[in-house]
Amino acid sequence: MRLKTSLLKEPKHKELVSCVGWTTADELYSCSEDHQILKWNLLTNETGLVVRLPDDIYPVDLHWFPKTVGAKKQTQAEISALTSTDGKFHLVSKMGRIEKSVEAHKGAVLAGRWNYDGTALLTGCPVYSVAWGPDSDRILYTSRRQLIIKPLQPSTKVIQWKAHDGLVLKVDWNSVNDLILSGGEDCKYKVWDSFGRLLHSSTSQDYPITSLSWAPDGEMFAVGSFNTLRLCDKTGWSYALEKPNTGSVFNLAWSADGTQLAGACGNGHVIFAHVVEQHWEWKNFSITLTKRRTMQVRNVQNDAVDVLEFRDRIIKASLAFDHLVVATSLQCYVYNSRNWNTPLIFDLKEGTVSLILQAEKHFLLVDGSGLYTFSYEGRLTSSPKFLGMRADVLSAQAVSLSNDTIAIRDKSDEKVILFFDAMTGKPLSDGKPLTHKLEVLEVALDQCGPSSERKISLIDKNHDLYLTSVHHLGKEPKICKIGSMVHSMAWNDTANILCGIQDIQFTVWYYPSVVFADKELLPRTIYTKDGSEFSHAPHILSYVGTKVTLRQGDGSLVYSNVPLYSTLLHEYSASARWEDALRLCRFAKDQSLWACLAGMAMASRDLNTAEMAYAAIGELPRVQYINFIKEQPSKESSLAHMLMFSGHVQEAETTLLQAGLIYQAIQMNIDLFNWNRALELAVKHKTHVDTVLAFRGKFLQTFGRKETNKRFLQYSEGVEVDWERIQAKIEMELFKEREKAAHTSVRGSVASRHL
């Protein structure tokens, strides 16, 4: 990826250009110390004088009133705030008329910025640069070598830290990734999080950093210096370096669609640049953006090359699941990898697509006004909406898409995850969102299996990795922790296998859902690889087939392979081919595969396969318990004990009580030493009170202790414990259960014969 720059032969301004600002994706205004405001039209390549300012107004900074806030259109998009050296800021119309001048400071107003909803204007003197926080509730400003974050709420703690060894000249704060940029006279640019923690510091450049700006989607930023323009990734490493003849670049501004960059230059020029040579990869296809309206597709298997031409400028693209989705400023193109000649084309409402996500059956577009799900045939299937939605700040970490579900982290409360049906756009789970105990950094839905078994993984503020079900049928969702110190994650595209960067190693969870079947198996189903082959802070880009693509901290791409056997095992399990699964495990001789098979078989309630798998990993107590489950006199008892096996005690008890198996429910609580619950059930149903008291007495006798529980003391006074009678009652209960089960099966077989 690099910037393709363009400069006119002769500068249009006679003096230093102090600031630039975009009104649309193809129209720019520039202000200079020659008192002129010029309008640049990039479609017609025309430049015209808008107004000549009074001789006492020397413009310093320019910021246009925000056009859109979430889904709301603003009416005052024609007004800009222009700060000047006379201590005033001026509200200037698009036609160049000064609507209002306000005495703001006693010195030069060096910076001015509207907040995101246009309800407030922030100016700075003698502050070199200012920025608003993502929710417009905090401000960031420079003070000599320091950066200061000041919340607008009274009596809230101010965050202040030394950022540079020289004067801090420029700052910017991105609303999507919540990261801060700073540049100073120490010739360095730095990336910080919103708590003031340093994430990246550049090497010392040749000249002081005079300008910098985040791209709207927060994926990259530009840095300007003397005769220097640099394009960087959000993590800090540099994509490309340009050396145009511009003098110092005093101001940088991205167009709303994030494809074009303009710079205010010290020699009177306005420099324009657009991003080219972006790359996308999927299996055997490699796609490159060669020009702003042209893509090149290369099939690396046969070296075939196709060139894709577009009518308008390309804004966003995504390649996955055998489809290429390209959003231009006016249209969306959908290509199938089997045919690059005839794309499906449909018009877009807005030309500011900020995010494209793909699943196997459809894709999601995010623009300034909302979210839209389209099928690969171009049909709009849904458009989810919720209270307080701000589509302009959604990122790939905050939104996830599967074949049937859309998951969105709520920006207003980052502990909350909202679920929507991908086909209708309606909220799932009766509209009740998932609420985590900490702020969530990243969410990801698994891509395979039926919608009723859809799982979501999430990384929280402590970098702990959790897994839970999307559908929890009115019950409190069970959120299971499956990893800690996880910085990045991705689901496989063909099987529900999860990979992640965990501390200093690369980790693959072959079967993360095992936590719901037998959580003690989880450590045995994990594949780890030493992270020493990756440099500092690697990030997972994709996990396709057996290949994981990672971006290292220095920007280089690294590929890592995951053994194929786990994917095959998922395939066999999904189609209930247990014999093939057993043969695969015997062939591979891998303990982690046997552990995966044990968990899969228990989840599918195939006890024979589970027994063999547990035996292969030496889990003899579990093998014994599986045999005990097999010997149960009825299906209900077997099901209840399988639920017990997976740790679902409440569900197991409910199953037994609904089937009228009171004794089994009481005995289950006795086996778990839930004495109070066992007695409660016995008293409530007026049966087996003596059984509970007998087992309780035996338990206390074994440990040489006396009864202290008041309820047990109360009932032991009036109930006689006779072991022979109790054994007879238990035998009778089991006999009745067998009889009932046999009668049910006979009745079912007779009914099937009649049918």
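Start by selecting helix 4 and helix 5: helix 4 passes helix 5 in a left-handed crossing, meaning that the near helix is turned anticlockwise from the far one by less than a right angle. Helices here are DSSP runs of H or I with at least four residues, and strands are runs of E with at least two, numbered from the N terminus. This is a predicted model, where local features need pLDDT of at least 70, side-chain atom pairs count only at pLDDT 80 or more, and totals for chains, interfaces and linings use all residues. Residues are numbered from 1 along each chain as its sequence is written, and side-chain values use heavy atoms, without hydrogens and water.

From helix 4, pick Gln591, Trp594, Leu597, Ala598, Ala601 and Met602; from helix 5, pick Leu607, Thr609, Ala610, Met612, Ala613, Tyr614 and Ala616. These make the contact (heavy atoms within 4.5 Å).

Now look along the pair, residues 591-604 and 607-616: their axes come within 8 Å and cross at roughly 155 degrees. That makes helix 4 roughly antiparallel to helix 5 (angles over 145 degrees).

Move on to helix 9, residues 662-671. Is this helix enclosed or open? Of its 10 residues, 9 are buried, so helix 9 is largely enclosed by the rest of the structure (buried means under 20% relative accessible area, with a 1.4 Å probe and protein chains only). Among the buried ones are Ile662, Tyr663 and Met668. After helix 9 comes Phe673, with a positive phi near 60 degrees.

Key:
Axes are lines fitted to C-alpha atoms, for helices over the stretch in contact, and angles run from 0 to 180 degrees between N-to-C directions. Angles under 35 degrees count as roughly parallel, over 145 as roughly antiparallel, 65 to 115 as roughly perpendicular and the rest as oblique. Buried means under 20% relative accessible area, exposed over 50%, partly exposed in between (1.4 Å probe, protein chains only).
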